[in-house]
Amino acid sequence: MEQKVKQDVRIGDNIRRIRRQKGLGQTDLVRLLQIGGCDMTRECLVKIERCTQHVQASQLRAIRDVLETTYDALLDGEE
């Protein structure tokens, strides 16, 4: 079973903010994640951004790579 990252920190908020800064819609991000081999649906991304679903470690890694950001930016909001 894959490890999930607890959302004590507002990871979803940080993902949404960085995604918007990059000019990507949710569908765009999901498409890029799927191309990169991360099996994620838009519905899943919506839940992660709303902090109603934990993000899996592999999903967080893929989001970091696609958004060309750091774990610090995703976890702590620090760029």
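This is a predicted model: local features need pLDDT of at least 70, side-chain atom pairs count only at pLDDT 80 or more; totals for chains, interfaces and linings use all residues.

Student: Okay, and which residues of α4 are buried?

Tutor: Helix α4 covers residues 57-66, and its buried residues are Gln59, Leu60, Ala62 and Ile63. Looking down the axis of α4, they fall within an arc of 165 degrees, so they line one face of the helix.

Student: Switching to charges: how many salt bridges are there?

Tutor: The count comes to 7 salt bridges. Arg10, Asp13, Arg16, Arg19 and Glu49 are linked in a network of them.

Student: What's the N to O distance for Glu49 and Arg16?

Tutor: Their side chains meet at 3.7 Å, N to O. That pair links distant parts of the chain, 33 residues apart: Glu49 sits in helix α3 (residues 42-49) and Arg16 in helix α1 (residues 11-21).

Student: Is Glu49 buried or exposed?

Tutor: Buried, and Arg16 is buried too.

Student: And what about Asp13 with Arg10?

Tutor: The closest N and O atoms of that salt bridge are 3.0 Å apart. Asp13 is partly exposed at 28% relative accessible area, and Arg10 is partly exposed at 45%.

Student: Which residue does Arg31 pair with?

Tutor: Asp28, with the closest N and O atoms 3.6 Å apart. Both are in helix α2 (residues 26-35), and because they are 3 residues apart, about one helical turn separates them. Arg31 is partly exposed at 46%, as is Asp28 at 32%.

Conventions: Residues are numbered from 1 along each chain as its sequence is written. Side-chain values use heavy atoms; hydrogens and water are left out. Buried means under 20% relative accessible area, exposed over 50%, partly exposed in between (1.4 Å probe, protein chains only). Helices (H or I, at least four residues) and strands (E, at least two) are DSSP runs, numbered from the N terminus. The arc is that of the directions from the helix axis to the C-beta atoms. A salt bridge is a side-chain nitrogen of Lys or Arg within 4 Å of a carboxyl oxygen of Asp or Glu.
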